Amino acid sequence: MLKLTENGAKITLTDAPKKSDNGLFWFGAVLLIAAVAVAVAMSLFPVRHSIAALALLVVASFVFNLKRQQQKKAQSSLIQGGILWVRSGELVHDCHGRRDHIALSNDDKVSQIGNQLSITDAAQLPKYQISGFDSEQEAAAAKAILQGQALQKRHANIKLQSDN
């Protein structure tokens with residue numbers, strides 16, 4: 001739903017179904033079981049074996065955190081639901097109580113693909129992918145506002161006919 005404000009627009013985005021990625025969950029579960037196994041190994045095995053098991057656990061924890069950060073970074077560039085406040089050169093995305101302020105630079109390019117917007121930098125690397133607009137007109141309006149174009153409400157002429 002698009003609502004024009006004095007300096008931009010307020011757009012309510014519809015949530016897209018989340019892709020379930022249980023790989024990271026299962027990796028974390030295995031990591032937890034491995035931590036318990038290392039604790040048991042440290043009390044049963046010689047010191048050398050215990051240190052080796054602990055070192056493997058540290059490396060696995062590092063890999064887990066690296067993968068989690070990569071997944072978090074990939075998800076932060078996708079805007080799919082919530083409320084989007086659009087002004088010239090900036091967006092504010094409000095979703096589930098979290099508010100992200102996004103300022104666009106002069107080199108950023110906004111392009112429309114159907115009812116989605118894609119924001120890329122000067123090197124054509126994608127920065128943000130915005131989906132969840134109700135129609136292509138909403139996406140076009142958001143693109144126009146981001147690029148600094150003025151939007152005006154369209155006036156409709158209504159003709160009344162009399163029954164004479």
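In what order do the elements of the chain run from the N terminus on? Colour by secondary structure and follow along: β-β-α-α-β-β-β-β-β-β-β-α. That gives 3 helices and 9 strands; helices (H or I, at least four residues) and strands (E, at least two) are DSSP runs, numbered from the N terminus.

Before going further, some ground rules. This is a predicted model, where local features need pLDDT of at least 70 and side-chain atom pairs count only at pLDDT 80 or more, while totals for chains, interfaces and linings use all residues. Residues are numbered from 1 along each chain as its sequence is written, and side-chain values use heavy atoms, with hydrogens and water left out.

**Stop one: the largest core**

Select L84, I130 and F133. These have the most contacts inside the largest nonpolar core, which has 18 residues. A nonpolar core here is a set of buried Ala, Val, Leu, Ile, Met, Phe, Trp, Tyr and Cys residues joined through side-chain atoms within 4.5 Å. Buried means under 20% relative accessible area, exposed over 50%, and partly exposed in between (1.4 Å probe, protein chains only).

Helix 3 gives the most, with 4 residues.

Zoom in on I130. Setting aside neighbours within four places in sequence, I130 is in contact (heavy atoms within 4.5 Å) with L13, I79, L84, L91, Q116, L117 and I119.

**Stop two: another core**

**Stop three: the aromatic pairs**

Show the rings next, as the structure holds 2 aromatic pairs. Rings of Phe, Tyr and Trp (its six-membered ring) pair if their centres lie within 6.5 Å; planes under 30 degrees apart count as stacked, over 60 as edge-to-face and the rest as tilted.

Pick F25 and W26: with centres 5.1 Å apart and planes at 70 degrees, the pair is edge-to-face. F25 is exposed at 53% relative accessibility, and W26 is exposed at 54%.

Then pick F27 and F64. Their ring centres are 5.7 Å apart and their planes sit at 45 degrees, so this pair is tilted. F27 lies in helix 1 (residues 23–44) and F64 in helix 2 (residues 47–76), so the pair ties together parts 37 residues apart in sequence. F27 is partly exposed at 29% relative accessible area, whereas F64 is buried at 16%.
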